[in-house]
Amino acid sequence: MVPATETVLVVDDEQGILEALADLLREEGYRVLTASHGREALERMAEVTPDLVLTDWMMPVLDGPALIERIQQDPVLRTVPVLGMSAVDVNGLKRLHPGMEFLQKPFDIRALMKQVRRALDTNARVRGG
Amino acid sequence: MSPSEQHPPAFERIATGVPGLDPVLGGGLVASGVYIVVGEPGAGKTIFANQLCYSQAQQGTRCLYVTLLAESHSRMLANLRSMAFFDASQLPQRIYYVSGFRMLEEQGLPGLLELLRREMRNHGAGILVLDGLVQAQEAAGSSRDFKKFIHELQVSAGLSRFTALLLTSSVGPTVHPEYTMVDGILELRERTAAMRSWRELQVRKFRGSASLNGTHHFRISEAGLEVFPRLETMVSRSQPPDWGTQRVRFGVPTLDAMIPEGFAAASTTLVMGPPGCGKTLLGASHLAEGIRLGEPCLMVSFYEGPDRLLHKTANVGLSLGSAVKDGRLVLQWNMPAECNLDLVAHTMLEDVRKRGVKRLFVDGLSAMVETTNEPARISPFFAALTQELRRHGVTTVFTLETPRLFGPEMDVPLGTGLSGVAENLLFMRHLELNGRLRRLLSIFKLRDADYDPTLREFLITSQGIEIQPPFQPSPELLLTGIARFPGNHS
């Protein structure tokens with residue numbers, strides 16, 4: 001359990017997955033925001049800058065790649081780490097987006113939590129210099 | 001007509017990628033049509049829709065798959081990965097999965113419709129699958145709202161040139177009045193009788209062209225869906241060609257001598273008799289003669305497997321093994337249980353067309369007759385099958401088991417329907433005479449040819465079948481299996 005000081009934004013169009021992920025992360029002590037597509041995620045981030053974005057790849061309205069592009073173009077958000085997640089073979093996505101970290105659906109919950117933690121710690125170290 | 005004048009576009013067809021389905025639909029789905037696929041959970045709707053998407057993606061068409069409270073995309077893809085049609089390289093560029101449930105929950109049918117239109121446009125997709133139409137139906141405020149949704153989707157499909165499949169579980173009546181607005185309704189179902197179940201597809205409605213009526217079997221395997229159109233609906237209504245005076249022979253000199261001109265090419269011969277009387281060897285002789293003449297041959301069997309058959313025929317001097325090895329003879333063996341008539345016919349006719357088969361031997365027709373789940377179809381099925389074989393110029397021998405080994409009664413299984421459509425009928429039976437079991441053969445009927453109608457004993461030797469001179473005992477009870485030599489009344 002971590003103190004609820006770190007905020008994770010979860011973006012997924014599949015309602016069941018979105019809610020399940022949010023519950024799991026809250027149980028781990030994170031503060032969780034949710035959005036069902038990229039545009040909604042940008043609206044959330046206009047209010048609160050999260051410490052990590054966990055985003056699905058295939059979504060309506062604004063998909064994962066488009067969301068990441070917007071985040072990288074935004075001077076405030078560009079340092080927020082992003083973890084992609086997809087039901088599609090993520091090895092193919094990694095080749096298309098080198099440098100991005102991906103989670104393969106369906107998730108292994110422990111691996112998911114480890115990867116979330118690692119992304120947050122890495123970012124904290126980078127920010128801390 | 002000036003060059004600028006525009007014609008109404010002809011119906012473009014979308015291949016479904018499901019073997020056997022396009023012929024049922026008269027050539028495929030009509031482009032820009034909206035189709036409902038209805039069926040209980042597990043009926044195969046999701047596999048069908050995905051098979052269509054992957055097939056279309058192979059041809060460069062982009063597809064959008066929208067779910068509404070259906071199984072998760074990761075679970076769906078995990079299930080699809082074992083399917084032969086699944087191609088991970090199409091994801092996510094050409095096949096794109098999204099959920100529309102949240103939009104439906106928050107903004108109802110207008111929000112869902114907007115999402116579908118926008119996503120189809122954004123992805124430049126030509127195929128839309130909406131998986132879970134029943135959710136949309138439940139979210140509709142009224143039947144009128146649901147009809148309006150379908151109508152507006154149809155308008156969008158027409159304007160934006162996409163073809164839509166709407167998948168829905170059937171609850172209550174399988175076809176709701178609202179569904180009548182769409183361009184086609186395909187129903188998938190599983191039927192059960194006793195402990196046996198099978199899958200059926202029926203085209204309930206199809207605008208744009210005629211479709212094959214009634215139900216058609218389909219199966220789901222790692223190859224995906226495969227439809228086996230009901231044979232009776234597939235055969236050509238036109239007369240088969242006249243094969244003229246072409247004649248064929250069994251290749252058994254003493255038997256051929258009973259039919260001096262030979263029997264008609266492309267005809268159907270039914271050999272009936274009890275187990276062990278030599279029917280299989282007679283049919284194998286028919287094939288051996290074809291192989292000798294260089295004709296492509298096919299054997300379809302139900303009881304004896306290929307190895308056993310080759311061993312058995314080799315023992316009587318019929319060497320079929322080399323013809324199997326070099327492809328002149330193909331052996332198709334079917335389990336003698338739970339026979340699917342259309343699957344057997346499809347496999348058989350596919351080889352007939354592919355290799356130009358000229359001689360066919362179907363051994364153990366009783367297995368088809370006794371294990372089909374559609375006994376009422378047997379007669380029209382065989383009429384259609386023999387018609388199609390005749391059309392391809394295939395000279396066919398069928399064997400059919402009669403149940404009684406001995407006795408004063410003869411069982412001719414007329415109920416199979418084949419005895420009515422076969423041009424040639426040969427009857428074989430056992431005869432017990434002076435403590436010795438003998439085999440008898442007689443020709444009951446032969447189309448367009450003179451034949452020797454005498455009853456003959458025949459022997460099975462290491463050299464094959466040998467027909468003996470006309471049988472001498474008193475003929476009065478010969479066909480009953482109980483014979484007497486003249487003067488012997490004991």
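Tutor: In this predicted model, 16 residues of chain A are in contact with 18 residues of chain B. On the side of chain A that touches chain B, helix H1 of chain A, residues 15–27, gives the most, with three residues. Sorted by class, that side of chain A has eight nonpolar residues, together with four polar and four charged ones.

According to UniProt, in an unreviewed entry, residues 7–120 of chain A carry the annotation "domain: Response regulatory". This span is 46% helix and 21% strand, and its end C-alpha atoms lie 10 Å apart. In the loop between strand S3 (52–56) and helix H3 (64–73) of chain A lies A:Val61. Although A:Val61 is not a glycine, it has a positive phi of about 70°. The loop between strand S5 (101–104) and helix H5 (109–128) of chain A holds A:Pro106. The peptide bond that leads from A:Lys105 to A:Pro106 is cis, with omega near -5°.

Chain B also has a cis peptide bond, which joins B:Leu91 and B:Pro92 with omega about -5°. Here B:Pro92 is placed in the loop between helix H3 (73–80) and strand S5 (95–99) of chain B.

As to its overall division, chain B consists of domain 1, residues 13–229, and domain 2, residues 247–480. Taken over C-alpha atoms, the centres of domain 1 and domain 2 of chain B are separated by 46 Å. The contact of these domains takes six residues from domain 1 of chain B and six residues from domain 2 of chain B. On the side of domain 1 of chain B that touches domain 2 of chain B, four residues are nonpolar, one is polar and one is charged.

Helix H4 (residues 101–123) and helix H6 (residues 143–160) of chain B pack at an angle of about 15°, and their axes are 10 Å apart. H4(B) and H6(B) are therefore roughly parallel to each other. The crossing in which H4(B) passes H6(B) is right-handed. From H4(B), the residues B:Leu109, B:Leu113, B:Leu116, B:Arg117, B:Met120 and B:Arg121 meet B:Asp145, B:Phe149, B:Glu152, B:Leu153, B:Ser156 and B:Ser160 of H6(B). By class, this contact of H4(B) with H6(B) has six nonpolar, two polar and four charged residues.

Conventions:
Residues numbered from 1 in each chain as written. Chains lettered and ligands numbered in written order. Predicted model: local features only at pLDDT ≥ 70, side-chain atom pairs only at ≥ 80, totals over all residues. Domains from an automatic or database assignment. Contact = placed C-beta atoms within 7 Å. Nonpolar A, V, L, I, M, F, W, Y, C, P; charged D, E, K, R; others polar. Axes fitted to C-alpha atoms, helices over the stretch in contact; angles between N-to-C directions. Helix = DSSP H or I, 4+ residues; strand = E, 2+ residues; numbered from the N terminus. Parallel < 35°, antiparallel > 145°, perpendicular 65-115°, else oblique. Left-handed = near helix turned anticlockwise from the far one by under 90°. UniProt positions renumbered as here; feature names shortened; annotations may be inferred.
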